[in-house]
Amino acid sequence: MDKKRVLVCSAWPYASGVPHLGNLVSSLLSGDVFTRYWRMRGKDVLYVSGSDAHGTRIEYEARQLGIPPAELAARNHEKIVQVIEGFGIEFDNYTITESPVHVRFVQEIYLQMERNGYIVTQEENRAYCRNCKIFLADRFITGTCPRCGAPGAMGNQCDTCGAILEPEELIDPVCSFCGKSDIEFRPTKHWYLDLAKLAPKLREYVSSRDFQGNVRLFTERMIADGLRPRAMTRDISWGIPAPFAGAEGKVIYVWGEAALGYVSAVIEHFGGDERWRDFWFGDDVHQIYTIGKDNIPFHTLIFPGQLIASGQGYHLPDQIAATEYLNWTGGQSFSKSRGIGLYCDDALEVLDPEYWRFYLLYNRPEGRDVNFSFEELDKSINGVFISNVANLINRVLSFVQTRYDRIVPDEPLDPEIAARLEQAKEAYARAFEEGSLSRALREAASLAVFGNEYFQRKAPWATGDAAAVGSAFHLVKGMAVMLYPFVPKFAAQVLQAMGIEQANWEEIDSPDGGREIAARRVLLDRIEIAQVKSQIESVGKGEDKVPFEEFERLDLRIGEIRAAVPIPGTDRLYRLTIDVGGELRTSVAGLRRDYPQDALIGKKVAVVANLAPVTVKGVKSECMLLAAKGDIISLLSPDRDVPPGVRIG
């Protein structure tokens with residue numbers, strides 16, 4: 001790659017919560033690795049991203065919490081920033097879509113698209129939930145995909161086949177908020193990006209890029225299916241106001257503005273200086289985007305289409321490094337609400353972030369979905385990182401310290417080492433250019449296997465072979481440089497122990513004879529997988545002790561169930577009416593599989609009466625029943641007849 005500059009952009013985490021490990025490896029962490037690699041190669045590199053603060057989900061969740069959407073987005077943005085710092089990920093600019101620079105840029109570029117004839121209007125029927133009394137954003141309508149027949153497709157995209165969809169195409173759609181099919185399509189006017197008009201230029205663009213694997217397959221399939229105009233406005237209140245005449249009360253579609261943040265984040269970074277144009281215009285820049293496979297069409301078609309439609313001559317994306325999915329054990333999708341998977345803030349409490357970086361990148365899902373595995377965690381960390389990589393490093397450095405008084409022998413480099421290192425360098429660099437970070441890391445780690453065998457075979461402790469010691473040191477140095485983008489803290493410690501202040505690609509081939517090394521070792525502690533598994537399984541289970549003052553705040557009472565009505569569209573939930581002592585409260589409870597309706601009416605139960613209300617499937621739940629959960633659910637009830645409202649304590 002002969003370009004002077006490299007712009008690395010990672011997909012914007014949604015500010016509705018903290019990313020999980022799959023989000024981390026596909027975008028934020030992968031972008032950090034590309035950035036460190038190309039910077040190490042001497043390029044002028046800029047790494048940008050930010051928190052995606054807009055959209056219906058944040059508006060809805062903020063309403064549930066009784067706070068403004070901006071407050072919720074800002075709160076979660078800070079949590080994401082803490083995760084980024086915790087994992088040693090270094091951005092040049094990590095911003096948020098609430099940035100005034102971003103808002104202004106988005107509105108300006110849409111007006112440019114409109115002036116160039118690529119924005120069209122159309123009155124259409126859009127999904128409206130009569131139960132929730134809101135227009136539904138595409139992702140909050142789910143149903144069966146009309147293309148591949150897979151269930152769980154969203155109104156904007158099917159994750160199974162990658163098809164870009166419109167909500168009205170879904171078969172048997174339901175509202176994601178209330179779970180009801182009480183949806184109608186009401187007429188409303190929207191502004192569209194005319195992808196059909198852009199199709200010839202997009203085909204030309206795609207054919208000019210050497211997209212790899214899933215990126216090429218997804219993109220070519222969508223082009224073959226035919227590109228259609230895509231709605232870029234929404235009937236919600238939280239987002240960037242649409243700048244078009246007559247679009248008052250509408251906002252720009254969240255997926256129609258987030259990718260534009262790659263441009264606005266660079267503008268913001270330079271603070272108005274025209275240097276931002278060096279990364280967005282001309283051919284002396286290489287752009288890399290790190291994303292999950294669900295984001296492919298937005299980065300290969302919609303975002304380039306927006307840039308083309310603006311008529312400004314923007315440089316278009318060069319490399320789309322898209323991963324497959326990292327799922328949780330057994331192929332389960334991550335879900336914080338269902339307690340499935342590990343989220344990044346909790347992960348930092350379980351293991352050193354360097355261990356997570358090594359495991360996630362060594363097993364980065366490339367070519368197929370990957371399930372998190374405790375067995376693979378053990379193999380990657382204990383077997384590869386510690387027993388092979390760290391072991392070779394400490395064997396060689398300790399030998400130089402003790403046998404050569406910390407001075408690397410000045411002897412000719414063994415041709416065997418020179419050839420193996422050159423082979424690794426070429427394969428490693430090729431893997432980066434093809435976007436395969438797992439392959440690059442495995443290539444670096446494979447040097448440890450070779451190095452341990454070489455050192456054992458040469459046995460310098462018995463033969464006094466100084467050339468073998470110097471050659472082994474040279475191999476270890478090259479391996480440490482190659483490890484730096486992946487585990488920078490560890491690799492930097494190794495290089496500093498070798499007398500090298502900074503990772504540099506040219507350092508791999510520089511001579512080492514006479515170099516003085518530090519009198520210290522770089523040690524890694526083995527992890528106990530059983531202990532790690534126990535820690536992960538206890539995350540969020542409330543094992544920390546609760547202060548007595550907090551317990552006293554709970555209003556625990558006896559309640560009497562007066563009514564139990566099944567909630568439509570569910571197979572587990574009742575809407576219960578409970579007398580908590582002269583006052584009736586509503587509670588949503590998943591008891592239908594364990595209690596028939598008639599068994600609940602008149603039953604005395606233990607109730608938490610002062611929890612903040614929460615809406616479940618469109619029903620406002622105002623209190624919570626206490627129950628024992630085993631193979632079946634057993635409600636906690638008093639063993640004597642007491643009136644409703646009696647306090648428990």
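User: Where is L611 placed, and what marks off the elements on either side?

Analyst: L611 belongs to the loop that runs between β20 (604-608) and β21 (614-616), where helices (H or I, at least four residues) and strands (E, at least two) are DSSP runs numbered from the N terminus. The model is a predicted one, in which local features need pLDDT of at least 70 and side-chain atom pairs count only at pLDDT 80 or more, while totals for chains, interfaces and linings use all residues. Residues are numbered from 1 along each chain as its sequence is written, and side-chain values use heavy atoms, with hydrogens and water left out.

User: Why is L611 called partly exposed?

Analyst: The relative accessible area of L611 is 35%, and since buried means under 20%, exposed over 50% and partly exposed in between (1.4 Å probe, protein chains only), L611 is classed as partly exposed.

User: What makes K604 and D641 a salt bridge?

Analyst: The side chains of K604 and D641 meet at 2.8 Å, N to O, and the rule asks for a side-chain nitrogen of Lys or Arg within 4 Å of a carboxyl oxygen of Asp or Glu, so the pair qualifies. K604 lies in strand β20 and D641 in the segment after β25 (633-635), so that the bridge links parts of the chain 37 residues apart. K604 is buried at 16% relative accessibility, whereas D641 is exposed at 70%.

User: How many salt bridges does the whole structure hold, and what other pair links distant parts of the chain?

Analyst: The search finds 44 salt bridges. D369 forms one of them with K293, the closest N and O atoms being 3.0 Å apart. D369 is in the loop between α10 (353-362) and β16 (370-371), and K293 is in the loop between β13 (285-292) and α8 (296-310), 76 residues apart. At 31% relative accessible area D369 is partly exposed, while K293, at 11%, counts as buried.

User: What partners does R420 have?

Analyst: R420 forms a salt bridge with E443, with the closest N and O atoms 3.5 Å apart; E443 sits in helix α13 and R420 in helix α12 (residues 415-433). Both ends are buried, E443 with a relative accessible area of 18% and R420 with 14%. The charged end of R420 also sits over the ring of F450, 5.8 Å from its centre, in keeping with a rule that asks for NZ of Lys or CZ of Arg within 6 Å of the ring centre and within 35 degrees of the ring normal. By that rule the charged end of R186 sits over the ring of Y128 as well, 3.6 Å from its centre.

User: Why is the pair of Y37 and W505 called edge-to-face?

Analyst: Rings of Phe, Tyr and Trp (its six-membered ring) pair if their centres lie within 6.5 Å, and planes under 30 degrees apart count as stacked, over 60 as edge-to-face and the rest as tilted. The centres of Y37 and W505 are 6.0 Å apart and their planes stand at 85 degrees, so the pair is edge-to-face. Y37 lies in helix α1 (residues 21-40) and W505 in the loop between α16 (488-497) and α17 (529-538), so the pair ties together parts that are 468 residues apart in sequence. Y37 is buried at 0% relative accessibility, and W505 is buried at 8%.

User: What makes β18 and β19 paired strands?

Analyst: Two strands pair if DSSP finds at least two bridges between them, and strand β18 (residues 574-579) pairs with β19 over six bridges in the antiparallel sense. L576 stands opposite S587 in β19. In strand β19 (residues 584-589), five of its six residues are buried. The hairpin has four residues between the strands, and G581 takes a positive phi near 110 degrees there.
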